[in-house]
There are 2 protein chains.
Amino acid sequence: MDLPKPPYYAVIFRSRLDTDDEAGYAQTAARMVELASGQPGFLGITSVRDAEGAGVTVSYWESEEAITGWRENAEHIAAREHGRTRWYAEFFAEVAKVERAYGGRRD
Amino acid sequence: MDLPKPPYYAVIFRSRLDTDDEAGYAQTAARMVELASGQPGFLGITSVRDAEGAGVTVSYWESEEAITGWRENAEHIAAREHGRTRWYAEFFAEVAKVERAYGGRRD
């Protein structure tokens with residue numbers, strides 16, 4: 001995704017996957033992207049996972065209120081509970097206010 | 001890496017690698033981690049790249065001054081120039097202040 005104009009908010013989610021329920025995980029992960037995209041204040045999402053199961057997902061939001069709305073979504077709450085108990089060996093989430101942004105594509 | 005106590009700063013670097021110089025890229029990427037780790041105010045770094053070349057690296061810093069110090073490092077300046085011209089099809093960098101953090105390991 002391209003860059004919104006700062007300030008905006010980022011939720012940085014780092015995780016290590018360790019599960020025998022990969023199909024359930026993949027299905028829920030795709031559903032969460034679909035669901036987040038429909039939330040008020042959603043700006044975008046980037047997700048990368050390597051072959052060893054280490055992943056970083058960054059979702060972008062207009063405001064703290066938008067993040068709160070997403071956090072309180074019932075289907076998202078249920079997915080987080082599955083994540084904690086069945087999918088992730090570890091995870092870390094950080095809420096951050098983006099103050100500067102730059103970059104682009106090579107010609 | 002584990003979580004420092006907020007507030008602290010994150011530099012979110014998203015990129016798509018597209019190069020015929022993968023060895024040069026890998027060598028420089030490892031050197032940048034080594035070099036950043038020795039900078040004043042460095043807190044940690046997480047880097048994930050998938051098989052298609054999409055990557056997210058998040059580096060963590062105590063302050064904006066620490067980020068400025070790292071940005072002005074001469075070897076880092078040279079590496080960024082190579083990144084722009086030879087390694088990345090696209091990249092986006094964001095500087096963000098982390099306000100809340102949580103997470104942990106599964107028992």
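**Strand pairing and the chain contact**

Strand S1 (residues 8-17) of chain B pairs with S4(B) in the antiparallel sense, over 10 bridges. The model described here is predicted. Strand S4 of chain B (residues 88-105) is also joined to S4(A), by 15 bridges, and these two strands run antiparallel.

**Strand positions**

- Within chain B, B:Leu17 stands opposite B:Tyr88, which lies in S4(B).
- Between the chains, A:Lys97 stands opposite B:Lys97 in S4(B).
- A:Glu94 has B:Ala101 of S4(B) standing opposite.
- In a regular strand, side chains alternate between the two faces of the sheet.

**Extent of the interface**

- Chain A contributes 44 residues to the contact, and chain B contributes 44 residues.
- The size of an interface is often given as the accessible area lost when the parts come together.
- Chain A and chain B bury about 3,700 Å² between them, and 49% of this is on carbon and sulfur atoms.

- A:Arg100 forms a salt bridge with B:Glu64, where the closest N and O atoms are 2.9 Å apart.
- Across the interface of chain A and chain B, 21 residue pairs are in polar contact, with both residues at pLDDT 80 or more.
- On the side of chain A that touches chain B, at least two residues each come from strand S1 (8-17), strand S2 (42-49), strand S3 (54-61), helix H2 (64-71), helix H3 (74-87) and strand S4 (88-105) of chain A.
- S4(A) supplies the largest share of that side, 18 residues.
- By residue class, the side of chain A that touches chain B divides into 23 nonpolar, five polar and 16 charged residues.

**A residue in helix H2: A:Ala66**

- A:Ala66 is found in helix H2 of chain A.
- Is A:Ala66 buried or exposed? A:Ala66 counts as buried because its relative accessibility is 7%, and the cut-off for buried is under 20%.
- Leaving aside residues up to four places away in sequence, A:Ala66 touches A:Pro40, A:Gly41 and A:Trp61.
- A:Ala66 and A:Lys97 are 31 residues apart along the chain, and their C-alpha atoms are separated by 13 Å.

Terms used:
Residues numbered from 1 in each chain as written. Chains lettered and ligands numbered in written order. Predicted model: local features only at pLDDT ≥ 70, side-chain atom pairs only at ≥ 80, totals over all residues. Heavy atoms only, no water. Contact = heavy atoms within 4.5 Å. Buried area = accessible area lost by both parts, 1.4 Å probe. Salt bridge = Lys/Arg side-chain N within 4 Å of Asp/Glu carboxyl O. Polar contact = N/O pair within 3.5 Å; in protein donor to acceptor, adjacent residues only side chain to side chain. Helix = DSSP H or I, 4+ residues; strand = E, 2+ residues; numbered from the N terminus. Nonpolar A, V, L, I, M, F, W, Y, C, P; charged D, E, K, R; others polar. Pairing = 2+ DSSP bridges. Buried < 20%, exposed > 50% of the residue type's maximum accessible area, 1.4 Å probe, protein only.
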